[in-house]
Amino acid sequence: MEPLIGLSCNYDIDDSIGTGSLTGTAGQDWNFIAGDYVYAIERAGGIPVILPRLKQEEVLIPFLEKLDGLIITGGHDVDPRRYGARISGKCGRIVPQRDEMDFMLTDFAYRRKMPLLGVCRGIQVMGAYLGGTIYQDVESEGPFCHHFMDNSPRECPVHKNTVAPGSLLWKIFGKTEIEVNSYHHQALKSVGPDTAVTARSEDGLIEAIEPKGGHPFTLAVQWHPEMMYTSDEQQKIFRAFVEACRG
């Protein structure tokens, strides 16, 4: 059987998600995920499993134990209280229910050394979990460029990242410079003592992290490789992840 890959999903009480797509009615909340994550894992040879947000998270534990890997996907901003800060007017919308779910999943995978991949919001969740902090808005709080480049097709790269030699990311790509897309207004400001920064953007923003030692495949990236799943180069991340999950 191909490896089972758990995907965290978005959670929202905005009932327009259902009414706008003519699949629901007023008063409903929603668990949902972009199809790109599903297709990226499928193409890499894994079986994607969407994990709903539950009111009793512990009910999921027996099922999580059957998974071979976990992906913390993109979505809303992380609650600043998760990294010891107060919310400012620069922070986007937060969904505490999703924070609870994602931090639980991260803790589950990290403690068991289960293959773990974080994407966009996922790097921020993993970074905060490991003791880091987050820019609530990279443009206004740091000397950085605009990074939410939604004026270009999602599969098109918009800037370069420098990759740390010897890192897991370097082993995946086999080079120290890659081109990526960019759809975020927040990013890691600092990392914890047990976290290595393994990629940075041209303007110096943290674009990838890995824990230091003892974790065979734990990686988080700020860009969206799943949106570039038709790219043979970006698909290398998912192939390497799924291969690690086979173990």
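**Notes on the sheet and its helices**

1. Nine strands form an open sheet with mixed pairing, in the order 4-1-5-6-13-12-11-8-9. Strands here are DSSP runs of E with at least two residues, and helices are runs of H or I with at least four residues, numbered from the N terminus; two strands pair if DSSP finds at least two bridges between them. The model is predicted, so that local features need pLDDT of at least 70 and side-chain atom pairs pLDDT 80 or more, whereas totals for chains, interfaces and linings use all residues. Residues are numbered from 1 along each chain as its sequence is written, and side-chain values use heavy atoms, without hydrogens and water.

2. Within this sheet, strand 8 (residues 159-163) and strand 11 (residues 195-201) pair in the antiparallel sense over three bridges, and Asn161 stands opposite Ser201 in strand 11.

3. Helix 2 (residues 35-44) lies across strand 1 (4-8), strand 4, strand 5 (69-72) and strand 6 (116-119), where contact means heavy atoms within 4.5 Å. Helix 2 runs at about 165° to strand 1, with axes fitted to C-alpha atoms, for helices over the stretch in contact, and angles taken from 0 to 180 degrees between N-to-C directions.

4. Helix 2 also packs against helix 8 (residues 235-246) at an angle of about 65°, their axes being 8 Å apart. The contact involves Ala40, Ile41, Arg43 and Ala44 of helix 2, and from helix 8 Gln235, Phe238, Arg239, Phe241, Val242 and Arg246.
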